[in-house]
Structures are given as C-alpha cells and as structure tokens.
Amino acid sequence: MKKLKKEEKNKREQTIRLEDIKSDFITVASHQLRTPISAIRWSLDTLLSGQVGDLLEKQKEIVREAYQNNNFMVKVVGDLLRVSRLEEKGLDLVPRFTDTEKLIEKLIVKHKTFAKASNCLITFAAEPGLPKVYIDPLYLEPVISALIDNAIRYSRKKGKVKIDLKKSRKYLLIRIKDNGIGIPENQKHLIFSKFFRGVNAIKTQTEGLGLNLYLAKKIIEASGGKIRFISQEDKRTIFFIYLPAYKTDLVKLPQEKKERPEDTLKKEREFVSITVHELKEPLGTTKWSLEMLKSQKSGKLNKEQLELINQIYRGNERLLVLVRDLLNLAKLQQGKFEIEPQIIKLEEAIDDVINGFQAKAREKNIKIQWQKNKLKLPQAIADPNRIAQVITNLISNAIKYTPRNGKVSLSLDQKTGENLKRISNTLLAGRINFTDNKKGYLVLAVKDTGIGISPEEQNKLFTRFFRSKKVLNSDSEGTGLGLYITKSIVNLHRGDIWFTSKLSKGSTFYISLPIA
Amino acid sequence: MAKTKILVVEDDKSLVKIIEGALDPEKFKVILAMEADEGVKKARLEKPAVIVLDILLPGKNGFDCLSNLKQQKETREIPVIILSNLGQSEEIRKGLELGATDYLVKTDFSINEVAEKIAWAAAKRK
C-alpha cells in the first residue's frame, strides 16, 4: 500500500515536472540563446578593451560590428521573452514607492555610451520636491530605458534628447523629448500595437522588433499610469508618461481566457519564427567577420586574442545550430516538415552516415562497429535525407557521450509488430506506438559505452530542450532539441524511437521503420 | 597585502576566465566552484569577500545555493551577486528575497561593468 502511494507520488511529481518543461518552452529557448550570446558579448568586451593586446583599426572595426550584431541579438531575445511572458502569465506587479529621479539618473548613465556614439546630447531636469511614485521598478525600469533608447536611436545627427520630471496633479509626469524622425501621421494610431515599426524607421534603422511601445503601454497602464505622445514627422516626438504618486489598486489587465494548448503552440511558433528570422542574419555576418579575423588577414593576433576569437566563434556556431534546430522545430509544429518516403535500402543509408563520422570517432579513439545482419534484409519505407539526419543525430550523440577509447556499435534487425509490442512492455520509459505494419519493421540499434541516462531523467529524454545534468558537466554542446526533433521525424515515418540505458555503462537507442 | 578573494560559482569555465581577466589581478584572486554544493563548501573554507553566483548549475541550482549560504552563520554576511541569463521579474525577485545583494542579467552588462560591481561590493564589505 505504502509502495503504491509512493509510486503514485513519483508519477505525479513527474507529470508536474513535465508540465513545467512544456509550458516554459520560451523561457528555456531564451535561456539557451542567451547563454552563448552573453559569453560572446563578454569576450568581445575583453577584445575591445585591449586587455589582451591592442588591435589594428581594421580589426577593431570588425570586432565592433560583431559587437553591434551581438547587441541586437540581446535585444531581440530579451524583447521576445518579455512579450511572451506577459501574454502567457500576465503581469505580476509588486509596486512600491519609488524614487523616479534616481531611477532615471541611473538609466541616463547606462545610455551614455550609446548616446555618445550616436552623437546625441541628453539633458535631464527634475522639479524640486517630487513625490515618489507607486510602481514596480523591476517592470518600469526596462520600459523607461527602452523609451530613452528609442529617443536616442531615432534622433538624428546632433540629436538632442530632453528628459524632465514634474508633478502633474496625482501623477508624476516624465517627458522624453527627441528631435528625431517622428512618427508618420497615418501610422500614429498603430504605434502601441505589437510589432509596430514606423515606415520611416524601417528606412533608417534595421534594429528593433517593434515591441517596446507595446510593452510600455501595457505595463504603464497596469501600473495605474498613462502614456501619451505627440509627434511631427521629421521634427520631434514627445512621450508623456504619467505614473501614480499615490497608492493605487493594481489595474487588472483584461484577463485573457485560460489559454488553450493550441494558443500556447501558436505563441511558441511566433517566438521561434521571429527569433530565427531575426537572428539568422546577424549570426551569418558575425561568422564571416570572425573567420576573417581568425585567418589573420586583417592583422596578426596574439595567442590570447586568438583564443578569445575562437571562443566567440564557437559561441556563434552554437547559436547557428540552435537557430537551425528551432527552425526545424517550428516546421514540425506547423506540420510543414515534409517527408518524401521512398523504398530504400537502409543498410546503405547507414553506411553513408558512418563514413561521415570516422574522422570524428578517430579523434576520440572511439571504434564504430557496424555488425551487418547475415540475413538479407527487406527494404524500408523512408525519406533518405531525413533518415540520414536521424541516424546522424543518434551516432553523433553516441560519440559525444562516450568517453575516449569507447565503442559505438550499430546493428540492424527485422522485427514483427508483435515483437515490438512485447519490447514496448519491457521499457522503463516511453513506448512503441507503431506496430500495425503487416510486413513488420526494421530496427536499427545504436549502442554506446557512454555516461548513460539516470532513471529520473529517462522520462524526460524526448522533451524539448532536455539536457542531461551530466551532460551539462561535460564540454559537449547540444541544444537539447536534437532528440525531440529526431523523435518527431521518426514518428512522421510511422516508426518509433526508444532506448535502454544504464548509468555509467552506456545507452542503446533504437529506431523502427516500416518494411516496404 | 593579501588579495581580496572572489568566489565565482559558475559552470562555464570560459566565462570565469573572462571575469577573472576583467578584475584587477593585483587586487583580486578568483576562486572557482562549478556546482552549488561546491560553492557553499568553498565559501565556508575560503571566506571570500564577495560571491558571484550563476543560477542554472548542474545539480542544485543557484537559488538553493543562495539560501544555503544565507542559513549558515559563517557565510550569511558575505554579499552575493547573482549573475545569470535568467532575468524575469519573478526570478529577480526570488533572488533578492533570498538575500542576494544584486541581481545582474548577463546580457545586460558589459564585462567591465560586472567587474566594477564586484569590486564595489568587495570594497563596501571592507
């Protein structure tokens, strides 16, 4: 009885954890993106600071460009994360009386470098004896920061940004004035909508997703404040932000109905497609710039500089892989991931993939053993390219998680649907769903002598962004999307993927494909 | 003069190296811990002036580490700066409620700003 309860509890805990993983897709995706992005930023900082040696002007220029690209990626990921969080969970404002003058002074310091680089002068004035405002500084700070950033960004040469604070009845009024490009008359009604970008802004600036003002309005209004603006194209824009100087009841945003799973998926898709779209270009450009630096054609580098650039390069590559995986994921979710099944000799597909891995295996002194079946096996129904992708992923994982001098062995067998049903019953995690092909299945097994997967982690293996805790310790770089994508592709073939594993002994992954 | 010890709890070694590079080597000595428990252990052993703490770590996370540090007499007073890629308001709030001195989102600060914050916290501690 006691045991039963415990099992039940374990099961429940597992479901909760799984739910957790599912609903937090965007957070995890953002974190995955941010990790290399911040590492790149700091390496670039170190390079530019001259700490590890001076750079030639030509080199500096390349590094600065990479820096700008990086900066842009920071913004994209941050903005998307904030918007999706807001839509998913609403706002959890915790207001307290806050000194706005101090807050703005701090923000101006933060924007000093950018303003200087943009040749823009910021002035700030505050009326004496201002009241504190009742807001959540954690939410308001990024909002005001973004408005100042916009003012600098869209002010033109010799720009002037004027910020002042004054009391306005029960509110504190912040005015942010720039002499920039302004907002076109016919677009004024749109500026607080999601993904708004002024037509004139698109012409002069490539940066920005058009989410800042959308967020600003939502957050300011939820805080009991107001945001207004006046603008004249090619002359100026002034934003008026009214924040409550008294204790307000939190204004409830019209609560969206409990979200349906398809809405969540839709948001995830939106997030993914924008991320992929926006990041691809800067990542591509950065890759070329870094290769240019690495080749030392733009100037010689010392050992430390080279090491940093290699580090940045690896981070960039990691982001590219992540973006590619996200794209696959988005396609899978949209049902746009198409397979073109043909009748193929699976052995040949396996041969090809193994050949591609020999060099990598030799590096770690890992032996790849491919035990061909003595029987003549029938052909399978599969898309040769997609299945190659699947086999590549399995072998690549096997090599990645197997220590030096280990072994990866592959075998191919024929099984009936009944065979598979029986196997399914013995599995600790997951199950085999496709067993109805009358001619049976070919089953590929990829066995490694690697680190193995702990029983607690086995259940989560095919979830998006799963990465073993042990994996986080090793130097291998995965996005945690690989197995999820692999599973989805195999399932599209009406086949299954499963595994058996023992900690520090190794794992075996199996895929089944229907026989033609 | 003895160098000021900074304990960095972070599983990405290359980042620690970058942080170390940004701090004045004459003044600071960086101690590395790659896991939460190791972080607590080293905090007790080395008595650093400041602890820099990542949140997503293998095994226990940084929040566990932080509450552990704040529960122990020997480590309670050491200022902890959280340095993480997680930066939603609930995470920031949780970190501050658990007693962190500062919560820095990695992508929001240049490495020199991070170094300044560490140096500043260390100076204040003295």
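H9 of chain A passes H15 of chain A in a left-handed crossing, the near helix being turned anticlockwise from the far one by less than a right angle. The contact involves A:Asp325, A:Asn328, A:Leu329 and A:Leu332 of H9(A). On the H15(A) side it involves A:Gly482, A:Tyr484, A:Ile485, A:Ser488 and A:Leu492. Contact means heavy atoms within 4.5 Å. By class, five of these residues are nonpolar, three polar and one charged. Here Ala, Val, Leu, Ile, Met, Phe, Trp, Tyr, Cys and Pro count as nonpolar, Asp, Glu, Lys and Arg as charged, and the others, Gly among them, as polar. H9(A) covers residues 303-334 and H15(A) residues 482-492. They pack at an angle of about 35°, with axes 10 Å apart. Axes are lines fitted to C-alpha atoms, for helices over the stretch in contact, and angles run from 0 to 180 degrees between N-to-C directions. Helices (H or I, at least four residues) and strands (E, at least two) are DSSP runs, numbered from the N terminus.

The model is predicted; local features need pLDDT of at least 70, side-chain atom pairs pLDDT 80 or more, while totals for chains, interfaces and linings use all residues. Residues are numbered from 1 along each chain as written, chains are lettered from A and ligands numbered from 1 in written order, and side-chain values use heavy atoms, without hydrogens or water.

A:Asn393 lies in H11 of chain A, residues 384-400. Its relative accessible area is 18%, so A:Asn393 is buried. Buried means under 20% relative accessible area, exposed over 50%, partly exposed in between (1.4 Å probe, protein chains only). Beyond residues up to four places away in sequence, A:Asn393 touches A:Gly482, A:Leu483 and A:Thr486.

H2(A) is mostly covered, with 21 of its 25 residues buried. A kink of about 25° lies at A:Arg34, shortly before the proline A:Pro36. The bend is the angle between axes fitted to the seven residues ending there and the seven starting there. Just after H2(A), A:Gly50 takes a positive phi of about 80°.

Chain B holds five helices and five strands. Their order along the sequence is β-α-β-α-β-α-β-α-β-α. Of its 126 residues, 53% are buried. In H4(B), residues 89-97, the buried residues are B:Ser89, B:Glu91, B:Ile92, B:Arg93 and B:Gly95. Their cover includes H2, H3 (57-89) and H5 (137-154) of chain A. From chain B it includes H3 (62-71), E4 (80-84) and E5 (102-105). Just after H4(B), B:Gly99 takes a positive phi of about 110°.
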